[in-house]
Amino acid sequence: MKNLFLISLYTFIFSFSLSMLLGNPVYSQTTSSDKIEYLHPANKEKVFDETVDEFYQALRDLKYPVHQEFYQRFKQKPKQQQQQRDLDTALFKEMPDASVNIRKKLLFNEIEGLNYITFDGNILRTYPDIDINYQQTVSPDRQVYFFYSFKDTDKEFRGRYSIYDVETKKMVAGGGTYMPKLNLTRNTYDKEG
């Protein structure tokens with residue numbers, strides 16, 4: 001049964017790879033005069049003294065006005081609409097029982113390399129699955145703080161992440177996920193009887 005599963009998985013990966021290679025290519029014409037104007041332009045040459053740990057503590061203490069405003073808007077919501085997980089993602093808070101907590105100050109284009117791959121019992125998934133090619137507001141050469149906390153067990157995957165602009169202190173991306181995993185230990189085909 002295990003071999004059948006592995007064969008199916010390899011077949012799926014091979015066919016997916018083949019379809020990606022043979023798919024219809026998309027060509028675009030750009031000239032050197034086409035310059036993308038980002039909402040958050042490149043700032044990799046600027047020096048910012050605040051460390052990632054200092055920013056994390058400032059975030060938790062609501063040191064900056066932008067975070068104080070967010071917290072006040074959250075508290076003004078009716079109790080039914082307040083969800084702690086939304087607050088813990090927007091004003092990032094590490095999960096207390098996390099397998100991994102990551103705090104990094106880096107360039108936006110370096111975040112893709114920090115995607116985590118997990119298996120839910122059916123397919124491989126990446127999280128947070130950030131593809132900078134689809135980000136049109138943040139320059140790849142923009143300095144950001146990246147916070148990532150997740151717990152990966154045999155039964156589930158839970159994760160949350162936030163990306164903050166180093167210069168403006170505003171969150172540019174974030175989210176959370178919960179993924180139950182399929183129980184592959186039950187073998188319905190091998191019944192002795």
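View 1. Skip the neighbours within four places in sequence, and Phe 146 is in contact (heavy atoms within 4.5 Å) with Ile 102, Arg 103, Lys 104, Leu 106, Ile 111, Leu 114, Pro 128, Ile 130, Tyr 161, Ser 162 and Ile 163. This is a predicted model, where local features need pLDDT of at least 70 and side-chain atom pairs count only at pLDDT 80 or more, while totals for chains, interfaces and linings use all residues. Residues are numbered from 1 along each chain as its sequence is written, and side-chain values use heavy atoms, leaving out hydrogens and water.

View 2. A nonpolar core is a set of buried Ala, Val, Leu, Ile, Met, Phe, Trp, Tyr and Cys residues joined through side-chain atoms within 4.5 Å; buried means under 20% relative accessible area, exposed over 50%, and partly exposed in between (1.4 Å probe, protein chains only). Strands (E, at least two residues) and helices (H or I, at least four) are DSSP runs, numbered from the N terminus.

**View 3. Thr 118, tucked into strand E2.** Thr 118 sits in strand E2 (residues 116-119) and is buried, at 4% relative accessibility. Among its contacts beyond four places in sequence are Asp 152, Phe 157 and Lys 181.

**View 4. Ala 42 in a loop.** Ala 42 belongs to the loop between helix H1 (2-22) and helix H2 (52-60). Ala 42 is partly exposed, at 48% relative accessible area. Its C-alpha atom is 7.0 Å from that of Pro 140, 98 residues apart along the chain.
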